[in-house]
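Here is a short report to read alongside the coordinates.

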Amino acid sequence: MDGKLSWTVADAVDYKGFPAEKSKTGGWVPAALILGIEICERLSTMGIAVNLVTYLGGVMHLPSAASANIVTDFMGTCFLLCLLGGFLADSFLGRYYTILISASIQTLGTAALAVSTKLPQLRPPPCDGIKDCKEANGFQMGILYLALYLIALGTGGLKSSISGFGTDQFDETDEKEKAKMAFFFNRFFLFISTGTLMAVTVLVYIQDEVGRSWAYGICSVSMLVAISLFLSGTKRYRYKKSKGSPVVHILQVIAAAIKKRKLELPQNVGMLYEDSSEQGSRIEHTKQFQFLDKAAIVEQGDFEAHGAASALNPWKLSSVTKVEEVKMMARLLPIWATTIIFWTTYAQMITFSVQQASTMERSIGSFQIPAGSLTVFFVAAILITLGVYDRIIMPLWKKWKGKQGFTNIQRMAIGLVLSILGMAAAAIAERKRLAVAKAVGGDTATLPISVFLLIPQFFLVGAGEAFIYTGQLDFFITKSPKGMKTMSTGLFLTTLSLGFFISSFLVSVVKRVTGTDGEGWLADNINYGRLDCFYGLLTILSLINFVAFLVCVIWYVPQKRKDQQKSGIVNGNMAEERC
């Protein structure tokens with residue numbers, strides 16, 4: 001019997017529901033089929049996002065601020081819907097069906113977008129002159145929104161499940177497969193970067209030089225191919241049974257604490273309820289957020305009779321371990337909140353920075369670089385930074401400090417600093433661009449200033465993303481309870497979502513405060529605006545946020561050490577398992 005168990009994965013089943021055999025399921029082949037979906041998701045989402053602002057302004061004739069907000073709202077919704085996708089995967093569908101359904105929805109979205117950009121009835125007529133441009137009407141914008149938000153819905157479901165379903169193909173209890181899982185994460189980020197690189201180069205070029213409908217059609221066809229390959233691996237996948245949504249678990253603890261808010265906590269924490277079945281994963285009690293401890297006070301009515309036995313009502317009573325898991329998530333929130341602003345600065349790279357590029361000299365000989373393709377420097381910065389960090393910084397840091405690279409909090413801090421420098425560089429570059437626009441006239445289609453002036457802002461924010469993305473993902477997964485891995489990943493992705501929404505909010509506020517009727521800092525024609533002041537505002541806000549981040553780190557780290565001392569070996573092992 002023991003020999004048979006060693007050839008199966010304890011917590012996984014095959015497509016028939018039988019224990020998954022290691023020799024017949026999982027491993028690199030199924031993981032690669034899953035990653036194929038991720039490449040196509042990046043190709044579609046980023047290929048649309050980085051060049052959408054030029055379509056909205058140049059074809060749909062929308063003002064620059066409105067165009068930027070449509071892009072950031074679209075991206076924000078993509079990441080916000082990851083929470084919905086994670087909830088459905090955990091509670092109802094499972095990761096396999098969530099991926100399959102979401103990929104199909106995204107394919108419909110890109111097909112609808114291809115149609116909306118092809119039919120002349122779904123866009124306004126071309127401008128007769130600089131001032132005589134008719135904006136897209138409500139019906140035309142409605143069809144565009146329908147396509148975009150179908151894509152967002154599909155993206156949210158894919159992002160919430162692809163990384164998790166990929167790691168399901170490796171057994172954490174097997175040392176060889178555990179090592180392969182570590183390489184899977186590296187390849188996962190590589191595939192994200194590869195898809196993004198293809199999007200900002202090949203796909204953007206096709207959009208500008210061949211036709212947007214062709215580009216979006218390619219996205220649909222490539223996703224259909226990826227879905228077919230994904231389905232071909234159905235018999236090879238390992239499936240893990242859903243354990244329920246951690247959101248429900250958190251709500252149960254909060255509900256029980258509220259119901260017992262008038263009760264006094266016992267002097268002896270040993271009087272609080274603890275589930276004996278959680279012995280192997282028990283978390284010791286901590287003094288922080290003591291209000292939640294009331295959820296573990298036992299009183300009459302907490303157990304309900306079921307025949308001869310009685311069962312705990314989770315909405316009335318929670319164990320100390322369950323309460324402490326919620327506390328662990330609560331401790332992440334201050335640092336979570338202070339990393340949101342990075343993604344607000346990131347949003348400028350695919351909106352206003354692309355608009356800047358569209359007004360500048362972009363020719364190399366007879367070849368003209370598409371404005372949206374300037375983000376290739378952004379992707380290049382990510383890849384170069386990751387390579388330098390892995391090959392140079394990590395070995396040197398290990399020799400000097402004896403540690404494997406920077407901690408996750410240090411990486412987040414570096415990312416925030418680089419974003420501050422990136423926004424400062426953007427403000428300086430914009431001042432130079434505006435000076436040229438003033439000298440030659442703001443209505444000049446192409447200003448006599450090289451687009452390569454924008455490279456520093458793309459490179460600095462791109463390098464910042466390499467640090468903060470890996471730091472955030474590591475932090476939220478390793479510092480959260482083992483059973484809330486999907487929840488913590490969703491929490492990480494909401495920082496991206498909120499960063500985009502805050503960008504939309506700031507643009508709207510600045511537009512209203514600094515001017516109306518197409519003027520002000522964010523003028524309809526950016527040659528007549530003061531985009532440099534907007535970038536300066538973001539630099540100041542990012543600097544203030546960085547100070548708040550440091551305060552939150554000081555608050556968080558001592559508590560972490562205190563918890564480790566109290567929890568002893570049990571928590572140490574749990575942390576190792578989560579890594």
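## Serine 102 in helix α3

In this predicted model, S102 is buried, because its relative accessible area of 7% falls under the 20% cut-off. The residue belongs to helix α3, which covers residues 64-118.

Where does the side chain of S102 reach? It comes to 2.7 Å from the backbone oxygen of T98. Those two residues sit in a helix, and a general point about helices is handy here: an α-helix has 3.6 residues a turn, so residues three or four places apart point the same way. Beyond its neighbours within four places in sequence, S102 is in contact with G154, G157 and L158.

## Leucine 144 in helix α4

Helix α4 runs over residues 138-167 and contains L144. Is L144 buried or exposed? With a relative accessible area of 2%, L144 is buried, since the cut-off is 20%.

Once residues up to four places away in sequence are set aside, L144 touches Y55, L56, M60, L113 and S116.

## An enclosed helix

Now turn to helix α9, residues 340-349. Ten of its ten residues are buried, so the helix is largely enclosed by the rest of the structure.

## The chain as a whole

Stepping back, the chain has 15 helices and eight strands. Its C-alpha trace spans about 85 × 55 × 50 Å along the principal axes. How does the radius of gyration compare with that of a compact globule? For 579 residues such a globule would have a value near 25 Å, and the chain, at 26 Å, agrees with this.

Of the contacts with a separation of 6 or more, 81% join residues 24 or more positions apart. Of the 579 residues, 53% count as buried.

## Surface and charge

The accessible surface of the chain comes to about 26100 Å², and carbon and sulfur atoms contribute 64% of it. As for charge, there are 55 positive and 43 negative side chains. The centres of these two sets lie 3 Å apart.

Note on methods: Residues numbered from 1 in each chain as written. Predicted model: local features only at pLDDT ≥ 70, side-chain atom pairs only at ≥ 80, totals over all residues. Heavy atoms only, no water. Helix = DSSP H or I, 4+ residues; strand = E, 2+ residues; numbered from the N terminus. Rg over C-alpha atoms; globule rule 2.2 N^0.38 Å. Buried < 20%, exposed > 50% of the residue type's maximum accessible area, 1.4 Å probe, protein only. Contact = heavy atoms within 4.5 Å. Areas by Shrake-Rupley, 256 points an atom, 1.4 Å probe, with all protein chains shown as cover. Lys, Arg positive; Asp, Glu negative; His and termini not counted. Charge placed at Lys NZ, Arg CZ, Asp CG, Glu CD. Polar contact = N/O pair within 3.5 Å; in protein donor to acceptor, adjacent residues only side chain to side chain.
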